[in-house]
Amino acid sequence: MNGNARIRLEQPSDHQQVENLTREAFYNVYRPGCVEHYLVRIMRDHPDFLRELAFVLELDGHIIGNIMYTRATLTGQDGGQKHIVTFGPVAPAYQRQGYGAKLIRHSLLQAKALGYEAVVIIGSPANYVGLGFKSCKKYNVCTEDGRHPAAMLVCELAPQA
């Protein structure tokens, strides 16, 4: 990984470049075409969007990655709620070089500093287990219908969260 990489908060002037990067990163990966760039656009106007956790990764002045967070809620069987955060999509243009991991680690530290206790995502375990994410089943986190999908992952930011 190049030492000239820096992480900073996303600015409005970055929006189009981030959307283009996201489209390029996800186009024809999971299905024909992609919708992730549109998701990035509409996330910014959602009341749960966390601007303080929207980061871009620059290398030599060019954005090569981004990550965005929203608030989310887990509801227990007893009806109790826990407020958490989730992120996505993570769009690293320079795959398998450590840039995405750097961006995720930075954002997790910032989320923890802001007082968030846990992150729940849907993603490939191969990409996230090395960053502290574990199977949702370990924490008894499941979908509304009681399933524990392999792609549903949890990262505790606070012990026993």
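β1 and strand β2 (residues 55-59) pair in the antiparallel sense over five bridges; strands pair if DSSP finds at least two bridges between them. Strands (E, at least two residues) and helices (H or I, at least four) are DSSP runs, numbered from the N terminus. This is a predicted model, where local features need pLDDT of at least 70, side-chain atom pairs count only at pLDDT 80 or more, and totals for chains, interfaces and linings use all residues. Residues are numbered from 1 along each chain as its sequence is written, and side-chain values use heavy atoms, with hydrogens and water left out.

**Sheet**
- The open sheet has three strands in the order β1-β2-β3, with antiparallel pairing.
- β1 (5-9) and β3 (62-67) are at the edges with a single partner strand each, so one side of each has no neighbour in the sheet.
- Neighbouring strands are turned by 30° against each other on average, direction ignored.
- L9 has F55 in β2 as its bridge partner.

**Helix packing**
- α1 lies across β2 and β3 and runs at about 75° to β3; angles run from 0 to 180 degrees between N-to-C directions, with axes fitted to C-alpha atoms, for helices over the stretch in contact.
- Contact means heavy atoms within 4.5 Å.
- α3 lies across β1, β2 and β3, at about 140° to β2.

**Lining of the largest pocket**
- The lining divides into 25 nonpolar, 18 polar and four charged residues; Ala, Val, Leu, Ile, Met, Phe, Trp, Tyr, Cys and Pro count as nonpolar, Asp, Glu, Lys and Arg as charged, and the others, Gly among them, as polar.
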